[in-house]
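Please find below a colleague's note on the model.

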Amino acid sequence: MQRICHLKPEALSMPPGASESPSCQRRHTLPASEFRCLTLEDAVSVFEIERQAFISVSGICPLYLEEIRHFLTLCPELSLGWFEEGRLVAFIIGSLWDEERLTQESLRLHRPGGRVAHLHVLAVHHTFRQQGKGSILLWRYLHHLGGQRAVRRAVLMCEEALVPFYEKFGFRAVGPCAITVGSLTFTELQCSLRGQAFLRRNSGY
């Protein structure tokens with residue numbers, strides 16, 4: 001598995017209360033299910049999920065621990081974690097980018113003036129896979145981005161076979177990605193967050 005785009009496509013379904021906006025505030029209780037922005041305190045848990053999901057399979061990890069801390073320090077509002085009874089079960093980490101297409105630099109940089117949210121990684125804890133959590137979290141994350149006025153588009157890269165999956169969320173392929181990882185090549189996909197058409201399509205409204 002490599003990067004956000006290598007998750008196995010799962011059927012889109014929404015948990016109870018999914019129409020509510022995700023909160024970026026910590027709570028003092030441990031709700032059965034909670035979506036919130038990640039903090040530096042979550043970095044080790046994030047890396048442990050990544051380590052199991054990526055390094056153990058391919059030896060390559062989208063973001064290592066210091067890179068996770070880097071992005072959670074600079075732009076925690078572009079992350080989203082799914083917690084069950086206080087335990088992190090799935091997450092997305094993003095940053096801002098300010099060019100039309102992704103480049104190798106976009107893997108490690110956060111450009112505060114950018115209008116594009118680059119989704120670096122989405123991962124689900126191994127004991128919670130095959131339950132549709134990756135699809136649900138991506139849906140919630142796009143809602144979260146849609147509430148941030150500065151963000152105009154979302155962008156990610158994936159293998160060609162997964163393009164139809166991301167198209168269900170409003171992404172469209174814009175061509176081969178300039179980024180390669182070893183012998184792997186990717187397709188770059190973008191999603192407009194203006195007008196929020198994808199939200200209406202997937203919300204059932």
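The numbered points below take these topics in turn.

1. Basis of the note. This is a predicted model, in which local features need pLDDT of at least 70, side-chain atom pairs count only at pLDDT 80 or more, and totals for chains, interfaces and linings use all residues. Residues are numbered from 1 along each chain as its sequence is written, and side-chain values use heavy atoms, with hydrogens and water left out.

2. Setting of Ser-79. Ser-79 belongs to strand E2, residues 79-84; strands are DSSP runs of E, at least two residues in length, numbered from the N terminus. With a relative accessible area of 1%, Ser-79 is buried (under 20% relative accessible area, with a 1.4 Å probe and protein chains only). Leaving aside residues up to four places away in sequence, Ser-79 touches Cys-37, Leu-38, Leu-72, Ile-92, Ile-93, Tyr-141 and His-144.

3. Polar atoms around Ser-79. The side chain of Ser-79 comes to 2.9 Å from the backbone nitrogen of Leu-38. A polar atom of that side chain of Ser-79 is also 2.6 Å from the backbone oxygen of Pro-76.

4. Aromatic pairs. There are five aromatic pairs in the structure, a pair being rings of Phe, Tyr or Trp (its six-membered ring) with centres within 6.5 Å. The ring centres of Phe-165 and Tyr-166 are 4.9 Å apart and the planes stand at 70°, so this pair is edge-to-face (planes over 60 degrees apart). Phe-165 also pairs edge-to-face with Phe-169, at 5.3 Å centre to centre and 70° between the planes. Phe-165 and Tyr-166 are both buried, as is Phe-169. One aromatic cluster is formed by Phe-165, Tyr-166, Phe-169 and Phe-171.

5. Charges over rings. Arg-36 lies over the face of Phe-83, 3.9 Å from the ring centre. A charge sits over a ring if NZ of Lys or CZ of Arg is within 6 Å of the ring centre and within 35 degrees of the ring normal.

How values were computed
Helix = DSSP H or I, 4+ residues; strand = E, 2+ residues; numbered from the N terminus. Buried < 20%, exposed > 50% of the residue type's maximum accessible area, 1.4 Å probe, protein only. Polar contact = N/O pair within 3.5 Å; in protein donor to acceptor, adjacent residues only side chain to side chain. Contact = heavy atoms within 4.5 Å. Phe/Tyr/Trp six-rings, centres within 6.5 Å; stacked < 30°, edge-to-face > 60°.
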